[in-house]
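Subject: A structure for you to look at

Hello,

Here is the structure I promised to pass on to you. Please open it beside this email and follow along as you read.

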There are 2 protein chains.
Amino acid sequence: MVAFTDMARKKEYSEEEVLDRAMHLFWRNGYETTSMKMLEKEMGINKFSIYSSFGSKHGLFVESLKSYKSKVKGLFEKFEKSNKGVESIKEFFYDSISLTKIEGSEKGCLVTNTYNEFAESEDDVIKSQMEAFMITLKEIIVSKLRMDPTKDEITVQKQANYLLLAKHGLAAAARVNDPKEIEDYIEMTFQNI
Amino acid sequence: MVAFTDMARKKEYSEEEVLDRAMHLFWRNGYETTSMKMLEKEMGINKFSIYSSFGSKHGLFVESLKSYKSKVKGLFEKFEKSNKGVESIKEFFYDSISLTKIEGSEKGCLVTNTYNEFAESEDDVIKSQMEAFMITLKEIIVSKLRMDPTKDEITVQKQANYLLLAKHGLAAAARVNDPKEIEDYIEMTFQNI
DNA sequence: GTAATATCTAACCGATTGTTTAGATATATT
DNA sequence: AATATATCTAAACAATCGGTTAGATATTAC
C-alpha cells in the first residue's frame, strides 16, 4: 500500500479493486478455507503481487476486514444519525440484511462469521478488531434505547445486550432462512423492546 | 467400527473413548482447523489406528457428530416428554447452555458451529445431518407451542422459527458472553411467546 | 537510446495437509 | 510351541499450504 515516486512500471491492477475481491472471497469461505491459490484466481493477480501489496495472507485478511468496515460505514452513519429511537435499530437490522443479501448473497455477515471462526483463536489482531466492531454497535444501540425516557438504565443495558445477540443470530440465520422467516424474526425480536 | 471374531490382537483403546475425545476437539476448533496431528495427540492413538477405526478424517467427524447427537439425546427426550408447553422450551434452552458450559466450557454448540463452518460447503453428508438436527428441534418446539390453545397455526410457525433462530444466536453468544447476559437474553426471548 | 527499477511470471521453498504402507509386535487358535 | 493375523510404530506418500525468489518484462528518467 506504499506509493513510490520513482516508479519504473505501473501496477496492472487497482489495490482497492483486488482487495474488494479478496474480501468477498473471505466473506464467503472464511479465513482458513480460503487458500492463496483461490485468492490468486479471485483477485486476478498472482502471489507475488498479493504479497507485495498486502504482506501476507493475514495482512490481506485484516485489510479485508477494514474494507468491510468501510462498506458498512454508510449503514452505521445512517443508524447513528437517525433520531427515531428504537425504530432506527430495527431499520438498521433490515438494512444489514439487505446489504449482506445484495452484496454477499448468502454469505451472512463477515463480522459474525469471523467472530465464530476466531472464537477459540488467540489472534489478538483479529479479535480486537471484532470487539471494536461490537462495542461500536452496542454504543449506538444504547444511545437509541436511551431516547425512550420510560426505560431506566438497567433496562437499556439488558435490551442492548439482547439486541446485540439477536443481531448475531440474525446474521447467521440470514444465510439459510427465507426472507419471510427473517422478517418475522426481526418483527418478533422488537415486539418486547 | 467392525468387530472381528478371529481377532489376533486386542485394541489398546476404546473406540468410544477416543471418539469422545475427537468430538471434543472438533467441538472446540471446528473441522478444518483440527489436524490429524492434533487428533493423534488428543485421542492418544496414532494415525493408523484412527484410520482403521474411522476410515478418514471426514468419517471421524461424522462419527463425532453422531456422538454429539447421543450426548444431547437426553436433553431432547426430557424436552419431548415435558408437558409444560412453552415453559419446557425455555427449560430446554437453559439445559442446552448448561450442557455446553459444563461439557464444552466455551465451545458453544457443535451443531451451530458446524452449521456455520459448512454453510458455504457442498458436503451433503454433513449438511443433511445438520438439517436433520434442526428439523427435529423445530418439530418438538412446534408441538410445545401447539399446547397453547390460544395460538393459531400461523402464530405457532412464526414463533417456532423465531425460537429456532434465537437458539442459534444463543449458542453463538454463550461462547463469549457472561452467564448473566445469557440469562437476560433467554428471558427476553420468551417475553413475547 | 540507455540505464535504472518496479512489476510481472513462474518455478521453487520448507512445512504441513490427509492418507498409506512396510515391518515390528502381540495375541488367539491350533 | 507354531502359525495366523490384528494392531502397533514409524516412515513415507503425493498434494497442498503460505511464502520467497530469480529472471523476464515494461516503464520511467535521463
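Which of the 27 residues around DNA strand D come nearest? They are A:Ser35, A:Lys57, B:Ala8, B:Arg9 and B:Phe48. Before you go further, please keep in mind that this is a predicted model.

**Around the DNA strand**

Both chains take part here. Chain A brings helix H2 (36-43), helix H3 (47-54) and helix H4 (57-81), and chain B brings helix H3 (47-54); each of these supplies at least two residues of the surface near DNA strand D. The most comes from H3(B), which gives four residues. If you sort the surface near DNA strand D by class, you get 10 nonpolar, six polar and 11 charged residues.

**A residue in helix H4 of chain A**

Now find A:Lys81, which lies in helix H4 of chain A.

**Where the two chains touch**

Next, turn to the contact between the chains. There, 25 residues of chain A are in contact with 25 residues of chain B. On the side of chain A that touches chain B, helix H1 (15-29), helix H6 (110-117), helix H8 (153-173) and helix H9 (179-189) of chain A each supply at least two residues. H8(A) gives the most to that side, with nine residues. By class, the side of chain A that touches chain B holds nine nonpolar, nine polar and seven charged residues.

**Two helices packed in chain B**

Two packed helices are described by the angle between their axes and the distance between the axes. In chain B, helix H7 (residues 124-145) packs with helix H8 (residues 153-173) at an angle of about 130°, and their axes are 9 Å apart. H7(B) and H8(B) are therefore oblique to each other, and their crossing is right-handed. From H7(B), the contact is made by B:Met134, B:Leu137, B:Lys138, B:Ile141, B:Val142 and B:Leu145. H8(B) answers with B:Val156, B:Gln159, B:Ala160, B:Leu163 and B:Leu164. By class, this contact of H7(B) with H8(B) has nine nonpolar residues, one polar and one charged.

Happy exploring, and do write back with any questions!

Best wishes

Key: Residues are numbered from 1 along each chain as its sequence is written. Chains are lettered from A and ligands numbered from 1 in the order in which they are written. This is a predicted model: local features need pLDDT of at least 70, side-chain atom pairs count only at pLDDT 80 or more; totals for chains, interfaces and linings use all residues. Axes are lines fitted to C-alpha atoms, for helices over the stretch in contact, and angles run from 0 to 180 degrees between N-to-C directions. Angles under 35 degrees count as roughly parallel, over 145 as roughly antiparallel, 65 to 115 as roughly perpendicular and the rest as oblique. A crossing is left-handed if the near helix is turned anticlockwise from the far one by less than a right angle, and right-handed if clockwise. Two residues are in contact if their C-beta atoms, placed from the backbone, lie within 7 Å. Ala, Val, Leu, Ile, Met, Phe, Trp, Tyr, Cys and Pro count as nonpolar, Asp, Glu, Lys and Arg as charged, and the others, Gly among them, as polar. A residue is near a molecule or strand if its C-beta atom, placed from the backbone, lies within 6 Å of it.
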